[in-house]
Amino acid sequence: MKQVAVIHAAFEDTPRTVAFVEVGERTGNAALEYAYRWTQNIFDSWSLKMPEDGNEDVTVMGDISSGYGLRSTSVGDQVLVGTEKYVVAPCGFETLEGERI
């Protein structure tokens, strides 16, 4: 299985890896979308592994010791797939050079 890293950078002083997501055989945009979806707080908390948004494919790396979950992945955050880093765009993803994929 392939793993990607989700890095929160949009609102932080320094980027930090908050999760590793097992994306299975997904590649390209499908892998990015899968990692994005499962680091969203839509119905409850992805990082606290709650029933709706928790996913066993996600390994939480951020600090949740306070009992509060982590924020959703947002525009400006990053996803590392292999050696390629992508930025969450207003619609989809871009390379660090600003190319849409």
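Me: Which residues of helix H1 are buried, and how do you know that they lie on the same side?

Reply: In H1, a helix of residues 28–37, the buried residues are Ala31, Leu32, Tyr34 and Ala35. Buried means under 20% relative accessible area, exposed over 50%, and partly exposed in between, with a 1.4 Å probe and protein chains only. They cover an arc of only 160 degrees around the axis, and therefore lie on the same side of H1. The arc is taken from the directions from the helix axis to the C-beta atoms. Helices (H or I, at least four residues) and strands (E, at least two) are DSSP runs, numbered from the N terminus.

Me: What is the basis of these values?

Reply: The model is predicted: local features need pLDDT of at least 70, side-chain atom pairs count only at pLDDT 80 or more, and totals for chains, interfaces and linings use all residues. Residues are numbered from 1 along each chain as its sequence is written, and side-chain values use heavy atoms, with hydrogens and water left out.

Me: What do the buried residues of H1 pack against?

Reply: They pack against E1, strand E2 (16–24), E4, E5 and strand E6 (93–95). Contact here means heavy atoms within 4.5 Å.

Me: Why is the pair of Tyr36 and Phe93 called edge-to-face?

Reply: Rings of Phe, Tyr and Trp (its six-membered ring) pair if their centres lie within 6.5 Å; planes under 30 degrees apart count as stacked, over 60 as edge-to-face and the rest as tilted. The centres of Tyr36 and Phe93 are 6.3 Å apart and their planes stand at 85 degrees, so the pair is edge-to-face. Tyr36 lies in helix H1 and Phe93 in strand E6, so the pair ties together parts 57 residues apart in sequence.

Me: Are Tyr36 and Phe93 buried or partly exposed?

Reply: Tyr36, at 27% relative accessibility, counts as partly exposed, whereas Phe93, at 2%, counts as buried.

Me: What makes strands E1 and E4 a pair?

Reply: Two strands pair if DSSP finds at least two bridges between them. Four bridges join E1 (residues 2–8) to E4 (residues 78–81), and the two run antiparallel. Ala5 stands opposite Leu80 in E4.

Me: How do you know that the charge of Arg26 sits over the ring of Tyr34?

Reply: The criterion is NZ of Lys or CZ of Arg within 6 Å of the ring centre and within 35 degrees of the ring normal. The charged end of Arg26 sits over the ring of Tyr34, 3.8 Å from its centre.
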